[in-house]
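Thanks for making the time this morning.

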Amino acid sequence: MSSEGELQRFLLLYASQTGQAEAISEELELASAENGFRAERHCLSLTDKRFSIEDETCVVFVVSTTGDGEPPEKAHKFFKRLKKTTLRRDHLKNLHYALLGLGDSNYNQFCNCARTLDKRLQELGASRFYDCGFADDAVGLETVVEPWMEGLWPALREELTSSDRNEDKISNSDRDTIKQNIYDVFSAISKIDLDQKTISESVCDDDRLQNEKSKEAHTEANLTDPNESLFSVQLNLPSFSPSLLTINFDAALNVDEEQRTRHVLASTETFDIPIVSACIMTSKDAVKKTLEISADISGLEFKFEPGDSFGVICRNDIQEVDRILERLNSLSQKNCPCRLSMKSSDVLKTKELPKNIPPVSTLYDLFVRRCDIRSLPKKKFLRVLSEHTLDSKQRRRLEELSSRQGADDYIRFILNPGISLLDLLIAFPSCSPPVECILENLPALQPRFYSVANSPLVDSSRLKFVFNVVEIPESDGRFYSRGGVCTKLLDNSTKTIQQTIARYDDKDADSTIKNISRSDYCIRIFMRKTNSFHLPADILIPLILIGPGTGLAPFIGFLEHREFQKKETEGSNNGFGDILLFYGCRHKDKDYLYKEKLEAMKSTGVLSELFVSFSQPDDLTLREHVQDSLKRNESRVFDLIHNKGAMIFVCGDAKGMANEVHKTIVHVIKNGLECSEDKATTYVNSLQDSRRYLQDIW
């Protein structure tokens with residue numbers, strides 16, 4: 001039992017891919033002391049170094065899901081050990097735990113990492129002391145995270161007290177809080193409307209009533225003006241902690257060039273590679289501009305295969321950074337070296353700098369290369385900004401947007417339009433936060449991942465990738481137009497060498513992109529570690545490839561690979577499994593990527609079948625998507641899956657296409673087996689578990 005005055009300890013473990021789970025674990029660590037606990041916080045990667053799960057009795061997990069339902073890279077070791085079949089069913093019988101999962105419901109395997117962990121812990125004899133929470137980034141993590149965190153503390157108090165045989169010390173109010181917050185979590189989940197991105201808060205009867213009034217006032221509400229229906233409401237705000245980051249400018253400091261260029265989020269060795277060509281793959285009147293980039297990797301130990309993906313280390317738009325620094329009255333200091341450190345606090349005696357912030361740097365480097373200035377402002381950040389806002393109405397509005405009662409407004413005016421830091425600084429002119437406060441609350445700038453669009457068997461000295469250039473207009477509460485952080489950077493950097501393929505060019509241009517002048521622009525890349533999106537070693541296995549838009553990119557590499565293999569084995573008795581490609585685009589004459597290459601591969605037999613769907617044809621009665629084409633050919637698809645052992649590869653947009661394709665595959669199996677939808681879903685899930693149904697979606 002804890003001695004009087006001693007904080008009760010629990011282990012707090014996190015697994016994070018982009019930093020969100022880590023940030024939430026930091027919030028929990030800070031809040032733990034305020035609630036009478038001591039959290040010992042570690043990343044799951046430190047298993048056996050800083051902790052042993054077998055020796056623990058009370059653990060709180062915060063884990064995210066990445067890729068196709070996989071755990072974050074740094075958690076692989078922990079999960080691999082936990083999956084050992086030799087572990088006894090009572091291996092973790094003494095462990096009591098709580099689990100918060102982070103995911104995105106646009107993906108089929110929503111919160112799969114957390115759900116898998118929960119299932120495995122129970123299989124090994126562990127038991128929950130508090131119900132799991134599954135937070136959805138598609139509608140705002142806070143919707144579930146906030147009530148789950150509030151209910152955690154009384155649940156922890158009950159767990160740790162009862163473990164000391166002092167259950168009588170639990171107050172009835174604590175028990176009521178636990179029950180209420182568990183109800184809040186699952187009530188919030190059940191009321192999420194994924195199509196309209198709306199949500200109803202379910203915290204207490206007063207909040208529910210208030211939210212109904214809030215909805216009625218939505219026609220008049222906007223980002224900047226206080227919501228009239230919330231005027232008389234006492235707001236429930238996130239806790240506020242003063243900034244601990246300090247910045248001291250010193251022109252005599254030397255910025256370490258190696259440290260400046262090192263990227264802490266790169267999971268493998270980084271390479272600087274020059275871009276040698278850029279090809280515009282779409283017509284001038286296409287809805288989106290699509291580029292194929294080719295980079296020179298000759299002389300490098302950079303090995304790849306079709307289906308691999310790699311990260312591009314990008315930087316923020318310099319003009320946007322200058323506008324932010326000017327707004328923060330720091331533009332004149334942007335190139336001055338500075339030393340950064342963290343102050344101690346009453347809760348944390350020592351706190352390290354965020355991993356993306358070096359101890360010596362410049363504001364320019366921090367805002368351009370280190371921090372994500374486009375990240376959606378979290379409610380906690382809005383609360384921090386409100387503390388530095390002079391105008392009472394503007395301050396009140398920021399408090400509303402950060403509050404539980406303002407959840408609908410947060411989704412409508414912050415989450416849905418993708419509001420950025422600069423948008424907020426423009427919208428609330430009396431908000432003047434110190435630059436330290438901004439840096440402390442901005443997450444790390446993440447690398448952008450792209451699929452390899454070629455085969456090393458054809459040319460191992462080139463790395464190709466394809467992407468749409470993202471353009472975001474000034475509207476819906478956004479105060480300025482902007483491009484995609486990485487795609488616009490690549491577009492602007494290759495303007496001088498961009499050429500258009502022959503069928504879209506007014507001139508008699510070569511349809512290939514060989515012999516184009518070399519660019520002076522280099523990109524820094526690294527190979528993504530965990531990727532099973534590869535061709536099977538057995539060339540007899542049939543393939544069903546589904547990739548609309550730029551989701552076609554990895555399949556170009558697949559087909560080049562198979563074409564080369566076929567030529568190498570020409571004249572032999574080696575057979576190849578059928579390959580069906582389901583491709584989709586808007587219009588056959590505007591954005592049909594790799595049209596000539598695909599049709600040539602169909603004519604030579606590399607592709608067994610080529611099905612192309614157009615969503616915006618001249619004759620709209622012929623409009624269809626890839627899932628429609630799958631249904632039209634369901635008997636062929638079913639035969640390949642069920643009787644021939646085909647593998648299914650899906651690449652592209654997670655928000656609509658991937659889910660629709662998944663439903664269609666279930667439909668195909670249901671009709672083919674003449675079974676119930678539940679049995680068909682189980683069948684498709686087994687395909688995913690056995691790696692016969694693979695997705696590379698974003």
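Let me start with a question: which residues line the largest cavity? Keep in mind that what we are looking at is a predicted model. The lining is made up of D137, G140, L141, E142, L376, K378, Y410 and L415, and by residue class it divides into 4 nonpolar, 1 polar and 3 charged. The space inside that largest cavity comes to about 40 Å³, and the structure holds 1 cavity of 30 Å³ or more.

From there, let me turn to the nonpolar cores. In soluble globular proteins, nonpolar side chains tend to be buried together. In this model the largest nonpolar core has 43 residues, and F367 and L439 are the ones with the most contacts inside it. If you click on F367 and set aside its neighbours within four places in sequence, you will find it in contact with a list of residues that includes V321, I324, L325 and L328, as well as I373, V435, I438, L439 and L442, and also N316. There is a second, separate core of 32 residues, and among its members are V466, I579, L598 and M601.

Not counting residues up to four places away in sequence, E563 touches M601 and V606.

Strand β11, residues 338-342, pairs with β12 over 2 bridges, and C338 stands opposite S361 in β12.

Finally, two backbone details. N329, in the loop between α8 (318-327) and β11, has a positive phi near 60° although it is not glycine, and N329 counts as exposed because its relative accessibility is 66%. E674 is found in the loop between α20 (654-673) and α21 (677-689); its phi is near 55°, again a positive value in a residue other than glycine, and at 73% relative accessibility E674 counts as exposed.

How values were computed
Residues numbered from 1 in each chain as written. Predicted model: local features only at pLDDT ≥ 70, side-chain atom pairs only at ≥ 80, totals over all residues. Heavy atoms only, no water. Pairing = 2+ DSSP bridges. Helix = DSSP H or I, 4+ residues; strand = E, 2+ residues; numbered from the N terminus. Core = buried A, V, L, I, M, F, W, Y, C linked by side-chain atoms within 4.5 Å. Buried < 20%, exposed > 50% of the residue type's maximum accessible area, 1.4 Å probe, protein only. Contact = heavy atoms within 4.5 Å. 1 Å grid on protein atoms, 1.4 Å probe; cavity = no way out; pocket = protein on both sides within 12 Å on 5 of 7 lines; lining within 4 Å. Points joined across faces, edges and corners; volume = space filled by probe spheres on them. Nonpolar A, V, L, I, M, F, W, Y, C, P; charged D, E, K, R; others polar.
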